[in-house]
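I opened this notebook to record, entry by entry, what I looked up in one structure. The sequence and the coordinates are shown first.

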Amino acid sequence: MAELLVVEDDTDAGDALAEALRFEGHEVRLAFDGEQGFRFLEERRPDAILLDVEMPILDGPALVNRMSRHPHLAAVPVVLISGSPELRRLAERVGTPYFLPKPYRYEQLLRILERVLRERIPVCWSAR
Amino acid sequence: VPIGAFHQEGLTTFSREKDPMRMPGPFMTKLAGAFLLVVVVLVGAATVSLWQFAGLAEKGQSIARQYTEEVVNAERLRSAQDAQAAAGRGYLITRHAEFLQRLQEAEDAFDQVLAALRSRIHSEEDSALLDAVAQTSAEYRRAGHRVLAEKGGSATAEEIPRQFERDVVPRRAEVTHAIDEFVVHKEKLLSTGYDEQRSLTRRAIATSAAVLSAAVLACAMFAWMMSRDLASAYRREQEAVRSAERALAARQELLGIVAHDLRSPLSAIAMKAGLLRRRADDENVRKQAESIGNVAMRMDLLIKSLLDAASIELGKLSVSRAPCDVDEVVHEAMDTLGSLATPKSIHLDVRASEAVTVVLADRQRLLQVLTNLVGNAIKFALEGGDVTIATERIGAEIRFSVSDTGPGIASEDLPHVFDRFWKAERGGRKGSGLGLYIAKGIVEAHGGRIWVDSQLGQGAKFYFTLAATEERPSHGEKPANGPSGSHPPVVHV
């Protein structure tokens, strides 16, 4: 069981993801924008973040950028989620090896989550 | 989203307007006409000028010749007169009959020249002066002959010179004076002729300059009109190209937004379907949930196809080539599509020649081409038929072929099978008509070729080529890394 933070502005997609993760036995908090996500992060540091890219107020990469300025948050692994065809490149820029292109299957989610929790490679902001 | 409408408006216009060689007909006629007119005007002006100058030169020459001849003749009168005087004087001194002979000759010469001059009378003044010469000369002659007759007669030696001084010398002075006046007059005529010629030349130069200036002005005007027309045609062309590009870019952007906005709800559907499947106790519910998930993924594949087609159209399809094991990719495609073949009892077969090993390609894209072609083949193969993937190394290329035992493609349809949104009226299952278009785009983005061989009733055989390589495939490219790299869902596009 792990403690996870889902940051996703689409309420249906966020709910579905959070519910699936809870069903798999994880503890999940759900934020609907980057700002709220960052508040949750400051309150308690999760084992991993599942982060949507396109969001109002503070988008995924901006949230990672802000995290990188807080040493205790920088070490959290991030799974970048987006429907953009550029997701792979975006993940490289943000500095995470984990990404999940929308729409994803339940099994894909389980596979990536299992990998993240096993490897725990922290996000490493390197955007130029 | 009215993608079809975009297609109609944006792209057909673009491809039509893009061809700069295809000018509107009336414009070309106008251009040719103007060009012809310019040539005619210039040639006409040049001809008029040349003709004028040639006429002028001839006229000038004839004027000069005529007046010069007359001046020369007038001078001849003087010398004939001198010869008469000399011969008369010679006879008076020597009394040789030879001088009388010379006198006669000189008089004849004088009369000839006089006659020649009389035939070229230009004015009354001319005539009067010549008459004066003739008259004074006749008087002189009469006086001279009288003296000569005296010489042969009774007159004394003292008398003759006196008579000569009294009668002949004044007459001679009169003749000389008359000839002088005549010569001066003729010289004046000559110089007037030259002046006339000069003024003619000046007039011709002025006329030619006017004609040529008019011609050049006309040409310049035509050139300006034509360039204005051309410029507006060019502007229209540019505007058409720009608006077509804008339409393409706008469509691409719209597609991107739509794709993104569709994918979040699709994700939600897939997730909830997955959750439902996991939670359900009832096998039937689990099956329904799985089917919902599949439908969501199929919708995503359609989105992907539309995005790919738009990228191909903009020439922006990116492929990252790396050595790929051909056998492995082919078998992966077969594994993925096996589930489609089973319900129709279609036999999937792979034939690889020994030599084929590694191809330089974007692995995911190659897989996409193969699944599109094999998916199509399965779709169109008759129940219980065969679908065969074969690979063969030919020179520096590897040739893939996918053949089916379906109804084949009519010869009139063959040129269109790779067109976007094209679907043969073969009925059967649904598809977007993008699969072959995308396959072609991907193969061509790799620098390869794709084509089809088919006859009605004989099945169809699709071929494509990719560059072979001697390098070994790096297995890091295998899809194990990201979840994105899993098998492409089996969907007909």
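**Entry 1: conventions.** I noted that residues are numbered from 1 along each chain as its sequence is written, and that chains are lettered from A and ligands numbered from 1 in the order in which they are written. I also noted that this is a predicted model, in which local features need pLDDT of at least 70, side-chain atom pairs count only at pLDDT 80 or more, and totals for chains, interfaces and linings use all residues, while side-chain values use heavy atoms, with hydrogens and water left out.

**Entry 2: confidence.** I looked up pLDDT, the predictor's confidence in each residue, from 0 to 100. Chain B averages 82, and 87% of its residues score at least 70. I then asked which element of chain B has the lowest mean pLDDT. That element is helix 1 (residues 3–18) of chain B, with a mean of 39, and strand 7 (residues 460–467) of chain B has the highest, 93. Helices (H or I, at least four residues) and strands (E, at least two) are DSSP runs, numbered from the N terminus.

I found pLDDT under 50 over residues 1–21 of chain B, where the model has 29 contacts beyond four places in sequence. Over residues 476–493 of chain B pLDDT also stays under 50, and there the model has 50 such contacts. A contact means heavy atoms within 4.5 Å. For the complex, the predictor gives an ipTM of 0.90 and a pTM of 0.56.

**Entry 3: the sheet of chain A.** I traced an open sheet of five strands in chain A, with the order 2-1-3-4-5 and parallel pairing. Two strands pair if DSSP finds at least two bridges between them. At the edges I found strand 2 (27–31) and strand 5 (98–101) of chain A, each pairing on one side only. From one strand to the next the twist averages 20°.

Strand 4 (residues 78–82) and strand 5 of chain A pair in the parallel sense over four bridges. Ile81(A) stands opposite Leu100(A) in strand 5 of chain A. Helix 5 (residues 87–94) of chain A packs on the sheet and touches strand 4 and strand 5 of chain A; its direction makes about 150° with that of strand 4 of chain A. Axes are lines fitted to C-alpha atoms, for helices over the stretch in contact, and angles run from 0 to 180 degrees between N-to-C directions. Helix 3 (residues 60–68) of chain A lies across strand 1 (3–7), strand 3 (48–52) and strand 4 of chain A, at about 145° to strand 3 of chain A.

**Entry 4: the sheet of chain B.** Strand 5 (residues 397–404) and strand 7 of chain B pair in the antiparallel sense over seven bridges, and Ile398(B) stands opposite Leu466(B) in strand 7 of chain B.

Entry 5: Most residues other than glycine have a negative phi, and most peptide bonds are trans. I recorded that the peptide bond from Lys102(A) to Pro103(A) is cis, with omega near -10°. Pro103(A) lies in the loop between strand 5 and helix 6 (106–119) of chain A. Ile57(A) has a positive phi of about 70° although it is not a glycine, and its place is in the loop between strand 3 and helix 3 of chain A.

**Entry 6: helices across the two chains.** At what angle do the axes of helix 1 (residues 11–23) of chain A and helix 5 (residues 159–279) of chain B cross? They cross at roughly 25° and come within 8 Å. The two helices are therefore roughly parallel to each other (angles under 35 degrees count as roughly parallel, over 145 as roughly antiparallel, 65 to 115 as roughly perpendicular and the rest as oblique). Residues making the contact include Leu17(A) and Phe23(A) of helix 1 of chain A and Met271(B) and Leu275(B) of helix 5 of chain B. The residues of this contact divide into eight nonpolar, one polar and six charged (Ala, Val, Leu, Ile, Met, Phe, Trp, Tyr, Cys and Pro count as nonpolar, Asp, Glu, Lys and Arg as charged, and the others, Gly among them, as polar).
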